[in-house]
Amino acid sequence: MKRRNVILFIGIIVASIISTKSFADTNIDPKVTEIGTKEVARIIKTIKDNPEFSMFYKAIDQAELAKEIASLDKMTLMIPSNKAFKLLPADVWENFMEEDNKNALIELLNYHVIPKKVNYDDLKNADNLTTLKNQSVKLFHGTELKIENAVIQDKHEETSDVIIYKIDRLIMPLK
């Protein structure tokens, strides 16, 4: 896929995340603005250019999530490192990346997008977060701060609208 198409795709993911939120919320505040196109492009470039996040970038590209992400006014991304993706059996990852399994990939990736900016202190004080598709994920406090099964390793980047945290595995809610 050409670089321009990939950037467009990520932008589309960001936009669709915002539109999903707007469509579901009938009480839209007209003062709330979406993350700007330049900011979305910069966020996507940050993810793409970081060798630790290349598999996440490929996944959001395959899932075409950029449009949804672009539609958010604020967000927190919990991005698994490539090492986290490699913890999955190879055939599982390959199956997620097949076109026929796009919906399953989208569902998995949605756990990694929180449609509001959540700083580290808020994470430490919260018991759960609501994801892009209204899924609840639990936070566990102990020697390490975890979101479901994933350890939040560090804050990778922060802007006025977005925080990116690096996590050590894919978020898969514990049942």
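## The sheet

Seven strands make up an open sheet with mixed pairing, and their order across the sheet is β2-β1-β7-β6-β5-β4-β3. At its edges sit β2 (113-114) and β3, each of which pairs on one side only. Please keep in mind while browsing that this is a predicted model. Counting helices as well, the protein has eight helices and seven strands.

As background, strands of a sheet pair through backbone hydrogen bonds, either parallel or antiparallel. Two neighbouring pairs in this sheet can be followed residue by residue. Strands β5 (residues 146-147) and β6 (residues 150-158) run antiparallel and are joined by two bridges; one of the contacts to look up is Lys146, whose bridge partner in β6 is Val151. The two strands form a hairpin with two residues between them, and in the turn Glu148 has a positive phi of about 55°.

## The nonpolar cores

Which residues touch the most other members of the largest nonpolar core? They are Ile47, Leu77, Trp93 and Leu109, in a core of 33 residues. At least two residues of this core come from each of α2 (37-49), α3, α4, β1 (75-80), α5 (82-85), α6 (90-96), α7 (102-110) and β7 (162-167). Helix α3 supplies the largest share, six residues.

Ile47 is a handy place to start when you inspect this region. Leaving aside residues up to four places away in sequence, Ile47 touches Phe53, Phe56, Tyr57, Leu77 and Ile79. Another core lies apart from the largest one; it has 17 residues, and Met78, Val137, Ile163 and Ile171 are among them. More generally, nonpolar side chains tend to be buried together in soluble globular proteins.

## Helix α3 and the residue after it

Helix α3 (residues 54-63) is mostly covered, with seven of its ten residues buried. Those buried residues are Met55, Phe56, Tyr57, Ala59, Ile60, Asp61 and Ala63.

Just after α3 comes Glu64, with a positive phi of about 55°, although Glu64 is not a glycine. Glu64 belongs to the loop between α3 and α4 (66-69).

Where is Asn134 found? Asn134 lies in the loop between β3 (128-130) and β4 (136-140). Because its relative accessibility is 65%, Asn134 counts as exposed.

## Burial, contacts and surface

Some totals give the wider picture. Of the 175 residues in the protein, 47% are buried. Among contacts with a separation of 6 or more, residues 24 or more positions apart account for 72%. The accessible surface comes to about 9500 Å², and 50% of it belongs to carbon and sulfur atoms.

How confident is the predictor, and what is the average pLDDT of the protein? The average is 80, and 78% of the residues score at least 70. Among the elements, β3 has the highest mean pLDDT (95), while helix α1 (residues 3-24) has the lowest (42).

Over residues 4-9 the pLDDT stays under 50, and the model has 14 contacts for them beyond four places in sequence. Residues 11-32 likewise have a pLDDT below 50, and this stretch has 68 contacts in the model beyond near neighbours in sequence.

Key
Residues numbered from 1 in each chain as written. Heavy atoms only, no water. Buried < 20%, exposed > 50% of the residue type's maximum accessible area, 1.4 Å probe, protein only. Helix = DSSP H or I, 4+ residues; strand = E, 2+ residues; numbered from the N terminus. Core = buried A, V, L, I, M, F, W, Y, C linked by side-chain atoms within 4.5 Å. Contact = heavy atoms within 4.5 Å. Pairing = 2+ DSSP bridges. Areas by Shrake-Rupley, 256 points an atom, 1.4 Å probe, with all protein chains shown as cover. pLDDT = per-residue confidence, 0-100.
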